[in-house]
Amino acid sequence: MVSPQMVNVGVLASGRGSNFQAIADHQHLGIFQNVNVRVLIYNNPEASAKHIAEKYGIAGHFVDHRNRDRIEFERQIVDLLNSSGVDLVCLAGWDRIVGSEFFQKYRWRIMNIHPALLPSFGWKGLNARYVHEAALEYGVKITGCTVYFIDVSVEKGPIILQHPVRVLESEIELFKNRREDAIQSLSDRVLIHEHQIYSKAIQLYADGRLRVDEIVTRNKENRTNRVVSIDLRGEWKRKWDERQRPFIEAQRKTWTAKGVRVDEESN
Ligand code: GRF
């Protein structure tokens, strides 16, 4: 358990940065308690995330991954995180695999978000578009998003929060002729929930409400799995939902203006 003191967050992003923006919005709107989004690290000089950091007055650092080995690249990141006093690392559209040295230093202190219900479509890798395409190709009726603690392998690790999103019949139809439009529609509707649950997971962490337990599986190998328990005592959820409401209201306005069906839960 983490004591209820200020938790400094470092975000690693490679591209658009909408999850980073949502996290920064939670800070800006005063929704977080004892959370300080301290630093953004980006590995793509064109990442829009850097403009978001500037807008919110969050320190941004570019770390180049090109033409160097991963260990050196990650050491530079770890040094920056250390010097910024970061306690919790949030990968938000980060397109690099986390190596074991980085993982060991921040064990169960690195979160990631995946645009599907893990373990489904985890193997589809780091690009959200392919994950949604695979879900539509497979014909799943429910997809969603997952926040989890990074383990040594990609898209695998103890699950913290998930949110289901129903695939619309209209998207399944659309996918037959206008593939990209269907992918975009599903991706937008999942993203709305990504933006909500990532900050919730961060607050749960900061409140010391997450615990990673080991469970021995009953299969032949007796492998150890890690499972996250969440302590929701003391009306944590009700209080969080109340605090997060202004974000959700602003979000609803923004997405509705873009023509996205925000409240669509059933067909
Ligand atoms: C999100 O869909 C996230 O789940 C996945 O990559 C996408 C990043 O989007 N890991 P953004 O850069 O946060 O807008």
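**Ligand contacts and the sheet**

Mentor: Start with the ligand: one of its oxygen atoms is 2.8 Å from a polar backbone atom of G17. This is a predicted model, where local features need pLDDT of at least 70, side-chain atom pairs count only at pLDDT 80 or more, and totals for chains, interfaces and linings use all residues. Residues are numbered from 1 along each chain as its sequence is written, and side-chain values use heavy atoms, with hydrogens and water left out.

Trainee: How much of the ligand does the protein bury?

Mentor: 92% of the 370 Å² that the ligand exposes when taken alone; areas are Shrake-Rupley with a 1.4 Å probe.

Trainee: Why are strand 4 and strand 5 called paired?

Mentor: DSSP must find at least two bridges between them. Strand 4 (residues 88–91) and strand 5 (residues 110–114) have three bridges, in the parallel sense, so they count as paired. L91, for instance, has N112 in strand 5 as its bridge partner. Strands here are DSSP runs of E, at least two residues, numbered from the N terminus.

Trainee: And what is the strand order of the open sheet?

Mentor: It runs 3-2-1-4-5-6-7, seven strands with mixed pairing. Strand 3 (59–62) and strand 7 (159–166) are the edge strands, because each pairs on one side only.

Conventions
Helices (H or I, at least four residues) and strands (E, at least two) are DSSP runs, numbered from the N terminus. A polar contact is a pair of N or O atoms within 3.5 Å; within protein, one must be able to donate a hydrogen and the other to accept it, and residues adjacent in sequence count only if both atoms are side-chain atoms.
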